[in-house]
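Subject: Structure for you to look at

Dear colleague,

I am handing over the structure below, and after it I set out what was found. Please read the notes with the structure open beside them.

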Amino acid sequence: KPCPLCDEAKEVLEPYKRRFILQEVDITLPENSAWYNKYKYDIPVFHLNGKFLMKHRVDIQKFEDQIRKLELQSE
């Protein structure tokens, strides 16, 4: 903290909050050192269902495409 890019990303994703569960990970905590070592210069980073999706800023088109795919699979 602070993380202006994280705050911006959360704002962009706000309209979608009913379609996914946002799990925030504080990479500065000792138990998250693997994430810190991997992404310390690339926050925020987004994974969807355990797979890397994007970093730095929300690519809303990419996000919408992937979330739609997941929703179609679960029908």
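Phe 63 is a buried residue, since its relative accessible area of 4% falls under the 20% that marks the limit for burial. Please keep in mind throughout that this is a predicted model, and that what follows describes the model as it stands.

The aromatic residues

Phe 63 takes part in an edge-to-face aromatic pair with Phe 20, in which the ring centres are 5.3 Å apart and the planes stand at 75° to each other. Because Phe 20 lies in the loop between H1 and H2 while Phe 63 belongs to helix H3, this pair ties together parts that are 43 residues apart in sequence. Phe 20 and Phe 63 are both buried.

The count of aromatic pairs comes to three. Among them is the pair of Tyr 16 and Phe 63, again edge-to-face, with 5.3 Å from centre to centre and 80° between the planes. Tyr 16 is placed in the loop between helix H1 (4-13) and helix H2 (33-39), and Phe 63 in helix H3, so that the pair joins parts lying 47 residues apart in sequence. Tyr 16 is buried as well, because its relative accessible area is 13%, below the 20% cut-off. Through their ring pairs, Tyr 16, Phe 20 and Phe 63 are linked into a cluster.

Strand S1 (residues 45-48) pairs with strand S2 (residues 51-55) in the antiparallel sense, over four bridges. In a regular strand, side chains alternate between the two faces of the sheet. In S1, Phe 46 and Leu 48 make up the covered face, whereas Val 45 and His 47 are on the uncovered one. Leu 48 has Lys 51 of S2 as its bridge partner.

The hairpin of S1 and S2 has two residues between the strands, and Asn 49 takes a positive phi there. That phi is near 55°, in a residue other than glycine. Asn 49 sits in the loop between S1 and S2 and counts as exposed, because its relative accessibility is 63%, over the 50% that the term requires.

Leu 70, in helix H3 (residues 60-73), touches both Leu 48 and Asn 49, when residues up to four places away in sequence are not counted. Leu 70 is partly exposed, because its relative accessible area of 26% lies between the limits of 20% and 50%.

Pockets

The largest pocket has a volume of about 1200 Å³ and a lining of 33 residues, with Leu 22, Gln 23, Glu 24, Val 25 and Val 45 nearest its centre. H1, H2, S1 and H3 each contribute at least two residues to this lining, and the largest share, five residues, is that of H1. By class, the lining of the largest pocket consists of 21 nonpolar, five polar and seven charged residues.

The second largest pocket holds about 150 Å³ of space. Its lining brings back several residues named above, including Leu 48, Asn 49, Lys 51 and Leu 70. S2 and H3 are the elements that give two or more residues to this lining, and H3 gives the most, with four. Four nonpolar, three polar and two charged residues make up the lining of the second largest pocket.

Backbone details

Two further places in the backbone deserve a look. The peptide bond from Ile 43 to Pro 44 is cis, with omega near -10°, and Pro 44 lies in the loop between H2 and S1. His 56, found in the loop between S2 and H3, has a phi near 75°, which is a positive value in a residue other than glycine. His 56 counts as partly exposed, because its relative accessibility of 32% lies between 20% and 50%.

With best regards

Conventions. Residues are numbered from 1 along each chain as its sequence is written. This is a predicted model: local features need pLDDT of at least 70, side-chain atom pairs count only at pLDDT 80 or more; totals for chains, interfaces and linings use all residues. Side-chain values use heavy atoms; hydrogens and water are left out. Buried means under 20% relative accessible area, exposed over 50%, partly exposed in between (1.4 Å probe, protein chains only). Contact means heavy atoms within 4.5 Å. Two strands pair if DSSP finds at least two bridges between them. Rings of Phe, Tyr and Trp (its six-membered ring) pair if their centres lie within 6.5 Å; planes under 30 degrees apart count as stacked, over 60 as edge-to-face and the rest as tilted. On a 1 Å grid over the protein atoms alone, a cavity is a set of points where a 1.4 Å probe fits but cannot get out, and a pocket is an open set with protein on both sides within 12 Å along at least five of seven lines; lining residues have an atom within 4 Å of a point. Grid points are joined across faces, edges and corners, and a volume is the space filled by probe spheres set on the points. Ala, Val, Leu, Ile, Met, Phe, Trp, Tyr, Cys and Pro count as nonpolar, Asp, Glu, Lys and Arg as charged, and the others, Gly among them, as polar.
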